[in-house]
Amino acid sequence: MRPTAIACAFAVVATGCGNAIDDAAQTVDSALDEITIESLKKHYTYLADDALEGRMTGQPGYDAAAAYVADQLASVGVEPAGEDGWYQQVPLIAYRLDLDTPTLIVHRDGGDVALDFRDDYVMGGDKVRDSTSVRAEVVYVGYGVHAPELGYSDYDGIDVDGKIIALFGGAPGTFPHNERAYYASSRTKYEEAAARGAVGAVLLRSRRSAQNVPWERVKKQVGIRPGMAWVSATGSAADYFPQIQAAVLLNDDAAHDFFRATPISFKDALEAAANSRPASVPLGFEVTLSQASTRKGITSPNVVGIVRGSDPELADQFVVYSAHLDHLGRGVAENGDDIYNGAYDNAMGVALMLETARAFALKPPRRSVLFVAVTAEERGLLGSDYFAHYPTVPREAIVANVNLDMPLFLYPLADLIAFGSEHSTLEAIVSEAARAEGFALTPDPMPEETLFIRSDQYSFVRKGIPSIFLVPGNASTDAEVDGQARFRDFILNHYHRPSDDLSRPVDWESA
């Protein structure tokens, strides 16, 4: 079995006919032979090296990575397709919380209690305002989800106008996996809450969240990196909800006391959420939330290249291949290492995209293909969202997006996952391509991770563009390997940590 299914799937998407797998494979076969492990390793090693200091958006390491990607695309014959040569500059607001200002005060009949910043709760800054302060009654609203088409609502019979909502991250486990991901999005939740008049939020952690990310790690990261938002052509911050005056994330231990002597205990709230059962109720006390923030404007580039289509009738249609170039930069040191290299996340994805560009440049498909290395994914899918709003080609001519993010090659692969493929004709195309190379196409094996909304394909989905998030699956050709266990080990011990570096094992044949 030749490990070319990913590139083969890419080729079929670009050809314009789902039943043309044999023709597409023949078209790109000789070009695929030009892709070597040595080339993949070269890109991966450069992008994940300590010298780039974790490729943080707005920092020199990211700029060096962007220049490298542009140079590599040029070297294989891809043409620049940004707004300024290779680059599409993304205007950003970088905002920081003033760490001396966060306040969370609980007002009960027996008196007021101020919780401890970092130990009991953490808070982010505001994208626009210098300071905010709000006091209001707290209403528990489960997941904060309103999905009448799925027979579920945490808001039925509950008034949150002028109230501060308390809610869990995630969404009901009874939802289909992509719908679950959509409703787990903080953007979706804030849109709903703001439309109902909520003025603040207290975010609660599920048992799974608490297990995956210990609170000690959460509080150590406070203030290390700025929040970011992209700025529209009218100068406004994207996805900003001014109705929500402040939001805090509550420590699990503090949450039990927060729900003391209320109509529902925190334990019962956890159980209701775990069982997808709405249990919304006013908690019977007020809280004050306040903070102050600073901000500055920065820019960071998306890198955009094009291989022009060979068919005059289809060349004005575009398939976008995306991979985020940024990572987390420097942060809290672990075992003496403070560089968050992002080797798998996402130097590997960019390496695969660069080599896919090589194959397409050698054998152009019928449609035109855009290769977009996006910035600020780790800051909230910002570079891809900006590109989806302001594409460098007509948006209506973009027919599909294929996204690569953190493809884990921890063992010899037997299957692939194409998140989102079932929502368009891409599913049949990718499934046929995978089978042709001997791979199975597997449904989302971990819907609780809501991966469909956590990478850049979601920016294209929001604009109505059929998209897939293509990653290795959990099955291995080695019967002794538990792929899901290795995936979970990476998430628990290496994801967004300094150890996601060049020391990670890679099955290069699968890559």
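**Group meeting: aromatic pairs in a predicted model**

Tyr 386 is buried, with 10% relative accessible area. That value, like the others today, comes from a predicted model. I start with this residue and its partner, then move to another pair, and end with the whole protein.

Tyr 386 forms an aromatic pair with Tyr 390. How is such a pair described? A pair of aromatic rings is described by how far apart the centres are and by the angle of the planes. For Tyr 386 and Tyr 390 the centres are 4.9 Å apart and the planes make 45°, which is a tilted pair. Tyr 390 has 27% relative accessibility, so this residue counts as partly exposed.

The structure holds 23 aromatic pairs. Another one is Phe 258 with Phe 285, with 5.1 Å from centre to centre and 85° between the planes, and this pair is edge-to-face. Where do the two residues sit? Phe 258 is in helix H9, and Phe 285 is in strand E13, 27 residues apart, so the pair links distant parts of the chain. Buried means under 20%. Phe 258, at 2%, is therefore buried, and Phe 285, at 5%, is buried because of that cut-off too. Both residues belong to one aromatic cluster, together with Tyr 140, Phe 168, Phe 259 and Phe 266.

Now the whole protein. There are 15 helices and 21 strands. The radius of gyration is 23 Å, close to the 24 Å from the globule rule for 511 residues, so the protein is as compact as a globular protein of that length. Of the 511 residues, 58% count as buried. Among contacts between residues at least 6 apart in sequence, 83% join residues at least 24 apart.

Methods: Residues are numbered from 1 along each chain as its sequence is written. This is a predicted model: local features need pLDDT of at least 70, side-chain atom pairs count only at pLDDT 80 or more; totals for chains, interfaces and linings use all residues. Side-chain values use heavy atoms; hydrogens and water are left out. Helices (H or I, at least four residues) and strands (E, at least two) are DSSP runs, numbered from the N terminus. The radius of gyration is taken over C-alpha atoms; the globule rule is 2.2 Å times the number of residues to the power 0.38. Buried means under 20% relative accessible area, exposed over 50%, partly exposed in between (1.4 Å probe, protein chains only). Contact means heavy atoms within 4.5 Å. Rings of Phe, Tyr and Trp (its six-membered ring) pair if their centres lie within 6.5 Å; planes under 30 degrees apart count as stacked, over 60 as edge-to-face and the rest as tilted.
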